[in-house]
Amino acid sequence: MRYRGLFILLYFLAGALMMYSQELVAPTDTVLAVSGDTIVPAVTDSTVLASDSLSRSQAGLDAPVAYQAKDSIVMTAGNWAYLYGDGDVKYQQIGLQAELIEMNMDSSLVFAKFGLDSIGSEFGYPLFKDGDQEYESKTMRYNFNSKKGYITDVITQQGEGFVTAGRTKKMDNDVLNMVGGKYTTCDEHDHPHFYIQMTKAKVRPKKNIVTGPVYMVIEDVPLYPIGLPFCFFPFSSSYSSGVIMPTYQDDSRRGFGLRDGGYYFALSDYMDLAVTGEIYTKGSWGLQAQSAYKKRYLFSGNFNAAYQVSKYGDKGLPDYSLSKDFKLNWTHSQDPKANPYRTFSASVNFATTSFNRNSAMGYLDPNTTTNTKGSSINITQRFPNNPLTLSATMNVNQSSRDSMISVTFPNLTVTLSRIYPFKRKNPIGKERWYEKISMSYSGYFRNSISTKENMLFKSNLIKDWKNSFEHTIPVSATFSVFKYINISPSFNYKESWYTSKITKQFDPQLNKLVDRDTTYGFYRIYNYNASVSASTTLYGFYKPLPFLGDKIQMIRHRFEPSVSISAAPDFGSSIFGFYDHYQYIDGNGKPVDYVYSPFAHNGSIPNGKQGSLNFTLDNNLEMKVKSDRDSTGFRKISLIDKLSLGMSYNMAADSFKWSDLTVGLRLKFSKSYTLNLTGQFDTYTYRADADGRPIRVDVPRWKAGKGIGRLRSTGTSFSYTFNNDTFKKWFGGKTDSNIPEENIGDGELENLTAENPDDATVPEDTKGGRLLGKKKDTGEVDDDGYLITKIPWSLSFNYSMSLGYGDFDPNRLEYKYRITHNLSFNGNIQPTKNWSFNFNATYDVENKKISFMTCNITRNLHCFQMSASFVPVGPYKSYTFSVAVSSSLLKDLKYNQSSGSRTGMDWY
């Protein structure tokens with residue numbers, strides 16, 4: 001009791017001294033002085049520095065630490081700082097953001113954690129940034145001096161996936177050592193749909209992940225049998241080579257197999273190469289090489305070559321078959337800026353007839369039903385200030401119906417554009433008549449063959465290939481007579497050189513002429529013709545009567561008649577020797593005198609004397625109406641864009657002097673659709689022989705009282721696409737493009753617009769790159785703020801029709817008509833955000849059924865992608881089904897099921 005009062009007095013004196021010393025030291029701290037919410041270097045005081053313990057403990061930091069908080073900052077006596085409300089601490093390139101942050105000024109330690117709102121929900125998770133690396137967690141302890149930390153419930157993005165772990169230790173070299181980690185490409189971090197459970201792992205950011213034992217977890221169900229003793233995930237932001245994992249395949253005829261596996265070669269920044277293969281247990285195999293290349297301002301293209309060996313059945317049994325097929329696809333385009341005088345292009349689509357049928361997935365390719373394929377390679381060289389042009393082309397045409405192939409290689413062309421040889425270099429006065437004479441030149445060298453696919457590489461270059469060299473020289477001029485009439489005389493000369501000719505003979509067994517012998521040598525044939533044409537243009541105007549109104553201002557008719565006369569000798573005469581005569585007795589015992597050209601394999605010259613008078617009439621009809629749509633107040637409407645009629649009369653012929661009447665019609669219904677029709681009208685009559693076969697009679701139809709002509713053939717084609725905006729455009733509604741841009745949800749437009757960059761708001765989930773928390777999908781809204789529900793769809797169709805002569809009717813002495821229709825259509829629809837359906841089909845009008853159809857259904861399962869493709873009708877009825885991870889990094893995590901066209905399985 002004696003000393004109790006003394007102890008109490010000493011206690012209060014010591015407390016007062018401690019409070020006084022804190023007030024003196026805090027404002028003069030040389031490392032961490034508070035200015036607002038940011039740490040800045042304080043004014044140096046030599047007296048205080050000598051006794052300031054904080055300056056000695058902070059000597060390891062190379063830069064000041066800046067911190068701030070939105071709510072408040074509390075400093076305590078133990079050199080602790082507490083940041084409340086969006087705390088932010090920065091040291092060099094290291095940053096830490098969190099709702100609550102605790103800092104120890106003496107030990108360089110920082111502790112961050114999340115906050116809780118009034119209902120207990122978590123918010124403000126710690127976000128740690130070290131350069132371009134980000135780690136988000138629930139709690140984090142970090143030492144700025146040692147650069148080590150301890151993290152709980154961390155989330156970081158590595159490559160296309162996310163790494164999460166309950167406990168993580170960050171090392172000073174940025175390596176993360178984890179226990180109980182997960183790797184997934186699903187961005188639902190709180191509850192991923194699938195993940196790879198890692199018992200322990202070592203993460204090297206942007207490099208790789210090395211793990212211990214791992215197993216698969218789908219919808220919280222662990223799949224322990226699907227596990228590995230270790231796993232390695234490589235990451236690379238650079239262009240690199242790598243292995244392509246194969247896909248499992250089960251085919252009833254091929255057996256079990258692996259396909260589409262191989263190696264990807266990153267050859268350079270301009271070119272790559274992927275070599276893949278397939279192999280099956282029953283002996284079938286294949287190889288494929290794919291490459292894409294591009295060099296800016298020079299060229300671009302892609303290349304795909306494949307070779308496959310298909311074995312079906314058991315060797316030695318009747319059902320055994322062996323097929324060797326290959327395919328070559330190549331497209332190449334040159335940038336116009338590369339060379340203005342030289343162009344090179346290629347479009348190659350070559351495949352053996354049975355390639356698509358034998359391909360594992362060929363029956364899902366719409367090209368499977370394509371009967372013809374075409375390929376071409378062209379190089380053209382022009383010369384500056386020179387009319388000469390050189391061109392070389394290779395053409396390949398295939399017919400899968402009969403396995404025929406036609407190859408033209410090389411096809412060389414030399415062209416001299418139009419020149420005026422008599423034009424004066426320094427003209428004085430008016431242009432003279434001979435200065436209007438112009439000429440040009442074209443030379444063609446062709447080397448071609450038409451044979452079966454399997455005989456192409458067995459053919460003889462000299463005996464089987466046909467070649468020729470043709471020269472064409474047109475000379476023409478145009479003169480004006482009586483100011484309105486144009487007179488155009490012309491002369492055309494053509495000469496052909498051949499290295500072989502073919503003679504024919506009659507084969508009684510085949511009952512037709514066949515090739516008998518081929519003679520090799522140099523053969524020259526030629527032909528020429530001359531013509532003179534006269535043309536003019538006439539206009540007719542019609543103004544409606546006043547009582548009909550003033551809506552229609554004027555109707556104009558433009559009439560362009562043209563008359564020409566052409567003449568040429570009979571090059572089929574024996575004088576020239578360009579045609580051969582062959583007499584034989586046909587199968588009916590009738591004598592036949594057959595006239596043919598032995599050079600017809602590469603084109604022949606006209607046979608018979610020519611003295612034709614040609615008539616051509618072109619018409620155009622337009623109407624001028626008042627319109628508020630045009631600034632002039634008037635608008636032109638095309639009633640008949642073009643109506644042309646053409647016919648000729650051969651004065652030198654001894655019979656059938658009149659040609660068919662040719663009619664062409666073009667109508668413009670809108671800016672996007674124009675209807676084109678062409679027709680041929682037969683001008684002669686027919687009779688039937690004893691067997692009922694038609695024989696053309698030299699009696700014009702107008703003399704027989706059957707009109708000017710009877711339609712022989714015509715045809716047209718058109719296509720159209722319907723979509724969401726089609727009917728809105730037709731009936732004047734607002735299209736989807738009229739939705740104000742500022743009301744379109746995230747993902748449709750950029751966050752900042754050029755019109756209001758300052759007022760544009762950044763979505764909340766993009767601030768700071770936060771990974772935790774639920775993501776919001778606002779969608780699209782209208783002017784009133786209501787959600788817009790759209791179902792994008794489109795339907796396209798292509799229709800073509802041709803009408804022509806069919807079978808002959810001996811009773812009416814006329815041909816019956818035969819109409820051929822071709823209809824193909826395709827479409828797609830997206831009923832919901834994640835569902836999509838598209839199809840492609842062709843319709844056989846004659847048999848009234850769909851001949852071929854492919855359908856594709858896809859479903860976005862967030863981090864998975866489900867797809868199904870099937871052929872519901874036709875001989876290639878089949879299907880494929882796949883569920884796979886959406887990320888390309890884990891694309892081999894998938895399930896596939898398919899049915900081939902040859903299995904004969906009923907699957908619906």
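**Charged side chains in the predicted model**

Lysine 138 counts as partly exposed, since its relative accessibility is 27%. In this predicted model, the side chain of lysine 138 meets that of glutamate 122 in a salt bridge, with an N to O distance of 3.6 Å. The two partners come from distant parts of the chain, 16 residues apart: lysine 138 sits in the loop between β11 (133–136) and β12 (139–143), and glutamate 122 belongs to strand β9 (residues 122–123). Glutamate 122 is likewise partly exposed, as its relative accessible area is 33%.

Another of them joins aspartate 660 and arginine 712 at 3.1 Å, N to O. Here the link spans 52 residues, from the loop between β42 (634–650) and β43, where aspartate 660 is found, to strand β47 (residues 710–723), which holds arginine 712. Arginine 712 is partly exposed, with a relative accessible area of 22%.

Arginine 712 also forms a salt bridge with aspartate 682, their closest N and O atoms being 3.2 Å apart. Because arginine 712 lies in strand β47 and aspartate 682 in strand β44, this pair ties together parts that are 30 residues apart in sequence. Aspartate 682 counts as buried, at 0% relative accessibility. Through shared partners, salt bridges join Asp660, Asp682, Arg696 and Arg712 into one network.

Note on methods:
Residues numbered from 1 in each chain as written. Predicted model: local features only at pLDDT ≥ 70, side-chain atom pairs only at ≥ 80, totals over all residues. Heavy atoms only, no water. Salt bridge = Lys/Arg side-chain N within 4 Å of Asp/Glu carboxyl O. Helix = DSSP H or I, 4+ residues; strand = E, 2+ residues; numbered from the N terminus. Buried < 20%, exposed > 50% of the residue type's maximum accessible area, 1.4 Å probe, protein only.
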